[in-house]
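Please read it alongside the sequence and the coordinates.

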Amino acid sequence: MRKLIPVLFHNPAISIDSRLAMRYTRTRATFSGGRIMVGENNKVVIVTGGSSGIGRCTASALKENGCIVYEFSRRNIPMEGVVHLSVDVTDEDAVNAAVQQVIQKETKIDAVINCAGFGISGAVEFTSMEQAKAQFDVNFFGTVTVNKAVLPFLRHQGKGHIVNI
């Protein structure tokens, strides 16, 4: 049976990524009236930045649609049915350990959805280089670190999806 879930992303620039995020199902997700049709499954999905914002909404939607969801974030804000792993995506050792923990428990990873990140508001001339570098460490290099940790396993199992939001 197929279910409809609402598209979580309202920004047209991000809606393309939301479509990619749902392709993890390998059921040829179809789009109808702003909704994505997803087949029921037990896919194993890692969501980074799952304690708030787009990451939390993504983790919730995946859980509601039958996925086994592991949420990587520094803050533990419990969500029923989602396994929290305390991971700072800028810490390569912590990321590698968390990915290995998921692999040992589930024996597969079907998708990784990278949502970890933060923004800096205000004019660029008032942003310190320290703040800008910290943002790049999380938003860009954190994504690279997670992808480096999961790619060897995804290649070994011969399938899987990575979505960077």
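## Salt bridges and overall build

A search of the whole structure finds 3 salt bridges, a salt bridge being a side-chain nitrogen of Lys or Arg within 4 Å of a carboxyl oxygen of Asp or Glu. This is a predicted model, in which local features need pLDDT of at least 70 and side-chain atom pairs count only at pLDDT 80 or more, while totals for chains, interfaces and linings use all residues. Residues are numbered from 1 along each chain as its sequence is written, and side-chain values use heavy atoms, with hydrogens and water left out.

| Pair | N to O distance |
|---|---|
| Lys 63 and Glu 64 | 2.8 Å |
| Lys 108 and Asp 110 | 3.2 Å |
| Lys 148 and Glu 92 | 3.9 Å |

Lys 148 lies in helix α4 (residues 129–157) and Glu 92 in helix α3 (residues 92–106), so this pair ties together parts that are 56 residues apart in sequence. With buried meaning under 20% relative accessible area, exposed over 50% and partly exposed in between (1.4 Å probe, protein chains only), Lys 148 counts as exposed at 51%, whereas Glu 92 is partly exposed at 41%.

The protein chain as a whole has 4 helices and 8 strands, taken as DSSP runs (helices H or I, at least four residues; strands E, at least two) numbered from the N terminus. From that terminus on, the order is β-α-β-β-β-α-β-β-α-β-α-β. Of the 165 residues of the chain, 41% count as buried.
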